[in-house]
Amino acid sequence: MEAAIDRIMQTYDLLANRTAAASEEARAKVTNYLNILVEAGEKDTHRLTVCGLTYLRQLDGSIDPVKAGYTGL
């Protein structure tokens with residue numbers, strides 16, 4: 001699981017510049033989320049990585065086109 005968390009944070013930090021505090025907060029949140037997935041039986045590192053990245057992008061709103069700045073014009 002640690003390999004998945006490291007890969008998630010490495011990729012997530014490439015998406016946008018964040019402060020060290022924001023990165024640590026994101027790491028804590030994704031760690032808790034992945035713990036839930038692992039306890040539910042997920043063992044595939046690649047799947048955990050994708051789920052973790054999706055989770056963080058949902059939290060910061062970058063999946064939502066309106067929050068990401070898309071106006072439709």
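Me: What share of the 73 residues in the protein chain is buried?
Reply: Buried residues account for 22% of the 73 residues in the protein chain. Buried means under 20% relative accessible area, exposed over 50%, and partly exposed in between, with a 1.4 Å probe and protein chains only. This is a predicted model, in which local features need pLDDT of at least 70, side-chain atom pairs count only at pLDDT 80 or more, and totals for chains, interfaces and linings use all residues. Residues are numbered from 1 along each chain as its sequence is written, and side-chain values use heavy atoms, with hydrogens and water left out.

Me: How many helices and strands are there?
Reply: The protein chain has 3 helices and 0 strands, in the pattern α-α-α along the sequence. Helices (H or I, at least four residues) and strands (E, at least two) are DSSP runs, numbered from the N terminus.

Me: At what angle do α1 and α2 cross?
Reply: The axes of α1 (residues 2–15) and α2 (residues 20–39) cross at roughly 140 degrees and come within 10 Å. Axes are lines fitted to C-alpha atoms, for helices over the stretch in contact, and angles run from 0 to 180 degrees between N-to-C directions. That makes α1 oblique to α2; angles under 35 degrees count as roughly parallel, over 145 as roughly antiparallel, 65 to 115 as roughly perpendicular and the rest as oblique.

Me: Which residues make up the largest nonpolar core?
Reply: It has 12 residues in all, among them Ala4, Ile5, Val30, Leu34 and Leu56. Such a core is a set of buried Ala, Val, Leu, Ile, Met, Phe, Trp, Tyr and Cys residues joined through side-chain atoms within 4.5 Å. The elements giving two or more residues to this core are α1, α2 and α3 (45–60).

Me: Which element gives the most to this core?
Reply: That is α1, with 5 residues.

Me: What does Ile5 touch?
Reply: Leaving out residues up to four places away in sequence, Ile5 touches Arg27, Val30, Thr31 and Leu34. Contact means heavy atoms within 4.5 Å.

Me: Changing topic: is Ser23 buried or exposed?
Reply: Ser23 counts as buried, because its relative accessibility is 13%. Ser23 lies in helix α2 and touches Met9, Asp13 and Arg18, not counting residues up to four places away in sequence.
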